[in-house]
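Here is a short briefing to read alongside the structure. Have the model open as you go through the points below.

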Amino acid sequence: MKQSVTVNQPAEAKWLRVIRTFFTKVNIKKPTFNLSSFLKKVGIPLVSIAVFIGIWHLGAEALKQREINFRIEKTLTDQGESAAAALKACFASNESTCQTNTLPSPSQVWSSILTLIADHYVIKQDKEAFAEKTAAVNAKREAAGKEPIVYTGRPSFVDIVITSLKTVFAGFLLAFFIAVPIGIVIGLSDKLRNAFNWFIQIFKPVSPVVWYLLVFMIVKTLLIGTSTDNSFVISFISVGLCAMWATLVNTAVGVSTVDKDYINVAKVLKLGPLQKVFKVILPSSLPLIFTGLRITLSVAWMVLIAIELLAQSPGLGLFVWEEFQNGANDSNSKIIVAMFVIGIIGFLLDRFMLTIQNMVSFNKSEGI
Amino acid sequence: MAYLELKNIYKTYGEGENTTEVLSDINLSIEEGEFVAIVGFTGSGKTTLVNLINGLLEPTSGEVLFKGEPAKGTSHERGVIFQNYSLLPWLSVEQNVLMAVKEAFPKRGKAVWKRKAAHYIEMVGLTPAINKLPKELSGGMRQRVAVARALAMKPDMIIMDEPLGALDALTRGNLQDQILNIWGKDKRTALLITNDVDEGIYMADRIIPLRPGPNATLGPEFKIDFERPRDKTDLNDNPVYKKTRNAIIEYLMDIGEERKSEQQNTYVLPDLMPKSFVRV
């Protein structure tokens, strides 16, 4: 009994230590309320947000007025005074047939957010109803070895965001599994680095659109005759290939520039080649690798929009493009909503990676 | 037979016209259990000499014999304490020492490794900091971890490359005593490279000055045969200590002067007059 206690203790201490270091790294402190610093940290951003929305509102109003004036004047010269008066009244009554097609005002965007959320619940109910209705049929089909009937209706905005996130994570993982191993191998060997250098230098600056086309050519042929979701596969592969270069280069640089002191330590301790890589070279290049991964994730999120648009993958990119093409009254404000959602998610992803990066990084002077 | 022997060692860096000979004609032999200090100016090739002995570098010509056998590459028989502590910053004190323990006792289990690591960490008085990362330690504590790591490899000989160079005077004195204590316990052979003559006299049995490079070579040795354990205050009043110290410093200074006078080339300046832009 006594022995088991002594055996368990160090494990628990280590576990606690990990949590403690996590919290010190993330820097969570007990909140202490201080009015002036509270005003500085919360008040100033709130004021700047209000100013931003105000300027946006005024700008949107000015643009709207300019379009209305132009259209009334044009009607006046083309169709006469009565038609112009009718149009003016129509604009004033704010009917859905008489809407401007310009930058939407903040209130329009807000109502679009509400519409999109309400829309999500409607579609969700729709889906549930569909699932209920087809449950019996699907069970039969599955028993007969056929594929079940799936919901093919319009995706809601939340579905769209989730598709985009899935694509980005799949692409990011692909980039991770390609770039990190290759980067390590290249970083370890001068010869391989020279052999791969031209390849990296040429393909790194290639635009996402071209990557998409290349992946399209290959994947389309590979997946001929299968029922796999082509657009998803193509878009995540393109995103991964576009975004992996930062990680590849950073890993190679990190591995090839490990501090000589650490290499000397490895030599004096007589570590084997594998141990040298895993115990000394990789840990010491982790900070650079994670810097690369952070850039990769933000690049992936940026190119995603263009690639989804081209690949017709039902994510945010396609959403923005379709809204633009469709030209309904609230299309413009939905595009702005998508813009904010893209921005906020991008920011959160970057913050997430920054936290991890801070956890693994160390200062070179710390060991010396 | 000498424990460690350097025979006619030459070391050059670079190739062709850019060759610089850093060390030339180094001959040294150290007996088992001896504490030898090599004293030299900064940049005189001390670190190169250390790296030749511990196997990180190969001599251009000449050979390093360890226990009568030519030494090839690094080995845990020759433990090194580096000038900068070279701890791995992502590992805790214990993990840093464990790396060395695993090397010295590869076949033992985890429990043995942990016990040994704890033993060496206790030896340098760092048990309370066993789970700390190097960045949480002071310079002196870091160097003690480096000492523990070097000792944990169970070296037959311990090579110290200016181990206390970056520390303040008080910590320095403390660590000197600790190293002497540990050395005194099992009388391992030790080689100390330093730029501090007093440190050399306090710690070593023999002091050998390194004439500054390029073409650095070892000068005549000075025997230090004070009783151990030595006391710093007593040493200061000891006339023999003063004499030895002055002799070593004088020797080093003389080389410095010699080198300066060697470099007094005369340059012939071209006979030029400043051009006048004023039209006469």
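In this predicted model, helix α10 (residues 273-311) of chain A packs against helix α12 (residues 331-360) of chain A at an angle of about 170°. The axes of these two helices lie 9 Å apart. Angles over 145 degrees count as roughly antiparallel, so α10(A) and α12(A) are roughly antiparallel to each other.

**Who touches whom in the helix pair**

- From α10(A), the contact is made by Leu286(A), Pro287(A), Phe290(A), Thr291(A), Leu293(A), Arg294(A), Leu297(A), Ser298(A), Trp301(A) and Ile305(A).

**Domains of chain A**

- Chain A is assigned two stretches, with domain 1 covering 35-92 and domain 2 covering 155-367.
- Between the C-alpha centres of domain 1 of chain A and domain 2 of chain A there are 40 Å.

**Chain B at a glance**

- Chain B contains 8 helices and 11 strands.
- Along the principal axes, the C-alpha atoms of chain B fill a box of roughly 90 × 50 × 40 Å.
- Of the 280 residues in chain B, 40% are buried.
- Looking at contacts in chain B with a separation of 6 or more, 69% join residues 24 or more positions apart.

How values were computed: Residues are numbered from 1 along each chain as its sequence is written. Chains are lettered from A and ligands numbered from 1 in the order in which they are written. This is a predicted model: local features need pLDDT of at least 70, side-chain atom pairs count only at pLDDT 80 or more; totals for chains, interfaces and linings use all residues. Domain bounds come from an automatic or database domain assignment. Helices (H or I, at least four residues) and strands (E, at least two) are DSSP runs, numbered from the N terminus. A residue is buried if 20 or more other C-beta atoms lie within 10 Å of its own, exposed if 12 or fewer, and partly exposed in between; C-beta atoms are placed from the backbone. Two residues are in contact if their C-beta atoms, placed from the backbone, lie within 7 Å. Axes are lines fitted to C-alpha atoms, for helices over the stretch in contact, and angles run from 0 to 180 degrees between N-to-C directions. Angles under 35 degrees count as roughly parallel, over 145 as roughly antiparallel, 65 to 115 as roughly perpendicular and the rest as oblique.
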